[in-house]
Amino acid sequence: MAGRRVVAVSAGPGHSLAFTADGAAWSWGRGSDGRLGHGNAQYQLLPKKIEALAGRRVVAVSAGSEHNLALTADGAVFAWGKGESGCLGHA
């Protein structure tokens, strides 16, 4: 994220999210349950761009306890992480 303007951040217990002025989403911290969105469960000590959202303009992020949400400029909502009790909204 160095050299990029951060627009907003959200912190969960053990991980954090941010999005930058160019609409890219970033995450770092504890990666268990896929909560960082990088396709693995690894810890990420420094902010890393969430490549699964590449090509989308993120306008809001929210970090939950073990899951996260991102809203894009076109109104799409993306959810990832631990999906207990339907918190991801996936059928």
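Which residue in β3 is the bridge partner of His 15?

Author: The bridge partner of His 15 in β3 is Gly 29. Some conventions come before the rest. This is a predicted model, in which local features need pLDDT of at least 70 and side-chain atom pairs count only at pLDDT 80 or more, while totals for chains, interfaces and linings use all residues. Residues are numbered from 1 along each chain as its sequence is written, and side-chain values use heavy atoms, with hydrogens and water left out.

The chain has seven strands and zero helices; both are DSSP runs numbered from the N terminus, helices being H or I with at least four residues and strands E with at least two. Its pattern along the sequence is β-β-β-β-β-β-β.

Strand β2 covers residues 15-20. Six of the six residues in β2 are buried, where buried means under 20% relative accessible area, exposed over 50% and partly exposed in between, with a 1.4 Å probe and protein chains only. His 15, Leu 17 and Phe 19 point one way from β2, and Ser 16, Ala 18 and Thr 20 point the other way. Ser 16 counts as buried because its relative accessibility is 16%. Leaving aside neighbours within four places in sequence, Ser 16 is in contact (heavy atoms within 4.5 Å) with Ser 10, Ala 11, Trp 26, Ser 27 and Trp 28.

Two strands count as paired if DSSP finds at least two bridges between them. Strand β1 (residues 6-12) runs antiparallel to β2 and is joined to it by six bridges. In that pairing, Ala 8 stands opposite Phe 19. β1 and β2 form a hairpin with two residues between the strands, and Gly 14 there takes a positive phi near 105°.

The pairing of β2 with β3 is also antiparallel, over five bridges. Four residues lie between these strands in their hairpin, and Gly 23 in the turn has a positive phi of about 85°. β3 (residues 25-29) is mostly covered, with four of its five residues buried. β3 also pairs with strand β4 (residues 44-49), in the antiparallel sense over three bridges. Here Trp 26 stands opposite Lys 49 in β4.

Ala 63, in strand β5 (residues 58-63), has His 15 and Leu 17 among its contacts beyond four places in sequence, together with Ser 10, Ala 11, Gly 12 and Asn 68. Ala 63 counts as buried because its relative accessibility is 14%. Ala 63 lies 27 residues from Leu 36 in sequence, and their C-alpha atoms are 9.6 Å apart.

As for the whole chain, buried residues make up 35% of its 91 residues. Its radius of gyration, taken over C-alpha atoms, is 12 Å, which agrees with the value near 12 Å for a compact globule of 91 residues; that rule is 2.2 Å times the number of residues to the power 0.38. The C-alpha trace spans about 35 × 30 × 20 Å along its principal axes. Among contacts between residues at least 6 apart in sequence, 31% join residues at least 24 apart.
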